[in-house]
There are 2 protein chains.
Amino acid sequence: MSDFFTIRWSDSSVAMIDQRLLPHREAYRRYKSCEGVAGAIRSMVIRGAPAIGIAAGFGMALEARSIRTRDAGEFVDRMRAAGDMLVATRPTAINLAWAVRRVMALVEKHAPSGVDAARRLVLREARRIMREDEVANRRMGRRGALLFSKGSSVLTHCNAGALAVGAYGTAIGVIRAAHEAGRIKCVFVDETRPYLQGARLTAWELKKLGIPHFLITDSMAGHFMQRGEVDAVMTGADRIAANGDTANKIGTYSVAVLAKENRVPFFVAAPASTFDLSVPSGESIPVEERDPDEVCCAGGRRIAPHGTPARYPAFDVTPARYIAGIITEFGVLRPPFGVSIARVIPRQR
Amino acid sequence: MSDFFTIRWSDSSVAMIDQRLLPHREAYRRYKSCEGVAGAIRSMVIRGAPAIGIAAGFGMALEARSIRTRDAGEFVDRMRAAGDMLVATRPTAINLAWAVRRVMALVEKHAPSGVDAARRLVLREARRIMREDEVANRRMGRRGALLFSKGSSVLTHCNAGALAVGAYGTAIGVIRAAHEAGRIKCVFVDETRPYLQGARLTAWELKKLGIPHFLITDSMAGHFMQRGEVDAVMTGADRIAANGDTANKIGTYSVAVLAKENRVPFFVAAPASTFDLSVPSGESIPVEERDPDEVCCAGGRRIAPHGTPARYPAFDVTPARYIAGIITEFGVLRPPFGVSIARVIPRQR
């Protein structure tokens, strides 16, 4: 799958595939300012919790390059403002705030002894965030693949593939590794309304990877579980609280309830950067509300009568009790998650 | 809501609003042959279990008019062939077979004593089926409305309104009556992918009726229940087995499971014609599979990569254990449904 990339630093700028145009067009956009990157995140050119964390890192690197001052205090202040702007673009995924915090810790530490050096360190850190993410994904893949027995059918919601991260994928990474190990019979792909990340992005990735799959509407997931056609569910995450409650794309909670009701194990695959140990439970995770008009449209066309009121919470929270395991780069966490998360996930990196 | 009609007999033909064009265009089609009506059912000009039962009755009336023979045996044979054609158009909703059976019982009884009289009786019976359906709907409305307390928010899936019946509506009929009684705060309308009956038809009807509503994607139903914003779920049905297992639009099962998990009562509203006492449980109800390409499209546009395999079961079966009550013209049936159905629903009408 080397024929596309999600995000890349090159030539003093950040290039991203424009995910809004997939699967119909593969076009890349290039950003030379932090404002540009923030706009790309806000307008969904790039999405997926780890991917927008990586984008934020590069956004900070662009900002660092653009600040001409040699005054450490001013440099830190302006970097902090840029970080705040990035964090404000999307409230639910924690990776954004995590990446900004990582960069800012470095800035605050090194700027006083030299702005130029701090500037270089910011880019190095952004690249490191991206590299570490890929390593984490591949580790999750290897560990997660062992959860499947031969001939497994797995259902996934939204897109937690290479497009949602720097490279490889979280949930799709696990499915990919399991497929390479000869264990995947078929992937059920929830289309994931209203933004259709499943139909547009996951189906596109699975086709490129040659992994057998079926596209279904979100409303069919329960039916196929009821009929015994689904052996496991595997999704990504946007933020995981200290007790294991998991915020992810709207509809994930429903899939998790249906999985439990049908005794199908429900797994989450997410790197340590997706955990937010400052949040005790899912109730404190902010759920982003997006433009309800997106619900009134599908495939770019209006489907409902003009003036139809709609609602669009973009995420939901799956309580930990529905989750059979969380696959991280440090291994598969099992309930009780309060204990397993505290043991394995580093506090405030 | 007298500014449209779903189906009407007039001028020796059947007129129907073309539901495929809603909500963007209100256009009517006129059919003068049973083949035409069968085509209209097959291509979804008309849909909704009671509505296609009514259409089948009128289709039989058109057939009876077109058969020129005075030979009773030939008349019966050709009527039976027409009935078989109608029943074959859509396999899940039982109202189709029920209406054809009702008409055929009359034909078989009266044709031997005169084909002309039998012909007239067929049209009378078709009209009666439609009239009885409206009476049943209004009764269901009155009885069902009592289930709601003031300020209730109710969630519905697919379209079980006036467009799904002869007039008034089953689930939406109940909601309508409850609204008139001042008990409805808001209706959550599942968009109901892939055919979008909720977004296209239910939102259109509720707007005309002036009932407050929100359109949501199917994947959001669970989230709003989890947040305590839904007081009850109310759907229609395509076929109800003797034990209460209920086949309805794909996604209904998921809504029912989510309702149970969140202690939200899940109700079905359906006239006696929707019960199939010859079927002991839901397992024996055939689930129609429709063109999977519809899943790859939304709003008339392709959303998935070309060549994406998809699946499209058009219905699912909700086991009786998830159902709090079934609202019929004979009252609200309660569990255990095997007992309450046997007591109230007439055998083989």
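Author: Between domain 1 of chain A and domain 2 of chain A, about 2,700 Å² is buried, counted as the accessible area (1.4 Å probe) that two parts lose on being put together, summed over both. Carbon and sulfur atoms give 53% of that area. This is a predicted model, in which local features need pLDDT of at least 70 and side-chain atom pairs count only at pLDDT 80 or more, while totals for chains, interfaces and linings use all residues. Side-chain values use heavy atoms, without hydrogens and water, and residues are numbered from 1 along each chain as its sequence is written.

Domain 1 spans 7–138 and domain 2 spans 143–348 of chain A, with bounds from an automatic or database domain assignment. The contact (heavy atoms within 4.5 Å) takes 29 residues from domain 1 of chain A and 34 residues from domain 2 of chain A. The C-alpha centres of the two domains lie 25 Å apart.

Two salt bridges are found across this interface, each being a side-chain nitrogen of Lys or Arg within 4 Å of a carboxyl oxygen of Asp or Glu. Arg90(A) forms a salt bridge with Glu288(A), with the closest N and O atoms 3.0 Å apart.

On the side of domain 1 of chain A that touches domain 2 of chain A, the elements giving two or more residues are helices H2 (49–66), H4 (95–110) and H5 (115–145) of chain A; helices are DSSP runs (H or I, at least four residues), numbered from the N terminus. H5(A) gives the most to that side, with six residues.

Key: Chains are lettered from A and ligands numbered from 1 in the order in which they are written.
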